[in-house]
Amino acid sequence: MPPPQPSQTQAGILSPFLTPNWEEWQKVCPSMQLVTVSDKCFLYHQGESCTGFFWIKQGVIKLSHLTLQGNELTLALLQPGHILGHLPGDSVMQTMEESAQALGNVALYRIEQDDFKKLLSHSPEATWHVFGTIYARQQQIERKLRAILTQPVEKRVISTLLELAKLFGTRCTHGFSLEIFLTQQELADLVGASRPVVSTIMNDFRNRGMLDYTREQICVNDTALSQN
């Protein structure tokens, strides 16, 4: 699977942080490393300790939570510019409440907590960027909550598919506009609905020629979806 690429809008808000001045940054953050994660591999698992931060340069990271009943819930998909990690609390070692998994090949900057704080103190631009990504993620959560409370499931499925199409931005090889590399269960988690309900809607969309799908891949006609 080719790594998802950020859109022009995403890339515009990320500069210059995806291509930092290594000599300058490493003076402030000697622990900073550029790491790559292969498709489906994990940065960390739920319950593990994490003492650093990850700054996504390229690709998409899926955050998921395993419930006590053994069900995996997809919480969010993080794109380039987003930050993962845990601020220190009562102890240095933090137990993560979710798992972080690569969708496609992902490149990230890994920075230890102390160096991350130094970076924010050193660079007002970096601090503003971090604030912006946190604010954008909060807005995304609020939009999702409003949609769950006010919109029918079909409308939420359409909105989520269109948002994901922009995020993944991979042209389809099966006759549709775009490919989204998610299962129906992951889509249902993001929509805030049950898998059977989402599956029924997806079958209807497929019969209407708006999309097609396999086990882990959804091919969408973004133009047709936008008209509904």
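Author: Start with F181. It counts as buried, at 9% relative accessibility. Buried means under 20% relative accessible area, exposed over 50%, and partly exposed in between, with a 1.4 Å probe and protein chains only. The model is predicted, so local features need pLDDT of at least 70 and side-chain atom pairs pLDDT 80 or more, while totals for chains, interfaces and linings use all residues. Numbering runs from 1 along each chain as its sequence is written, and side-chain values use heavy atoms, without hydrogens or water.

F181 sits in the loop between β8 (178-180) and α6 (184-191). Helices (H or I, at least four residues) and strands (E, at least two) are DSSP runs, numbered from the N terminus. F181 and E216 are 35 residues apart in sequence, yet their C-alpha atoms are 5.8 Å apart.

β8 belongs to an open sheet of four strands, in the order β7-β8-β10-β9, with antiparallel pairing. The edges are β7 (170-171) and β9 (211-213); each has a single partner strand, so one side of each lacks a neighbour in the sheet. Two strands pair if DSSP finds at least two bridges between them. β9 meets β10 (residues 218-220) through three bridges, antiparallel. Y213 has I218 as its bridge partner. Helix α7 (residues 195-207) lies across β9 and β10, at about 125° to β9. That angle is taken between N-to-C directions on a scale from 0 to 180 degrees, with axes fitted to C-alpha atoms, for helices over the stretch in contact. Contact means heavy atoms within 4.5 Å.

D212 pairs with R206, with the closest N and O atoms 3.5 Å apart. The term covers a side-chain nitrogen of Lys or Arg within 4 Å of a carboxyl oxygen of Asp or Glu. D212 is partly exposed, at 32% relative accessible area. R206 is partly exposed as well, at 35%.

E186 meets K62 in a salt bridge, 2.5 Å from N to O. E186 lies in helix α6 and K62 in strand β3, so the pair ties together parts that are 124 residues apart in sequence. E186 is buried, with a relative accessible area of 9%. K62 is buried too, at 3%. Side chains of opposite charge can pair when their charged atoms come close. A search of the whole structure finds six salt bridges.

β3 (residues 52-66) and β4 (residues 72-78) run antiparallel, joined by six bridges. Five residues separate the two strands in this hairpin, and G70 takes a positive phi near 90° there.

β3 has another partner, β6. They pair antiparallel over 11 bridges. Q58 has A107 in β6 as its bridge partner. β6 (residues 99-112) is largely enclosed by the rest of the structure, because 11 of its 14 residues are buried. R110 and E112 form a salt bridge, 2.4 Å from N to O. R110 is partly exposed, at 22% relative accessibility. E112 is partly exposed, at 27%.

β1 pairs with β6 in the antiparallel sense over five bridges, and V37 stands opposite V106. The loop between β1 (33-37) and β2 (42-44) holds K40. K40 has a positive phi of about 75° although it is not a glycine. K40 is partly exposed, at 32% relative accessibility.

The protein chain has eight helices and 10 strands. Of its 228 residues, 44% are buried. Take contacts between residues at least 6 apart in sequence: 71% of them join residues at least 24 apart. The F181 and E216 approach spans 35 residues. The E186 and K62 salt bridge is 2.5 Å from N to O, and it ties together parts 124 residues apart in sequence.
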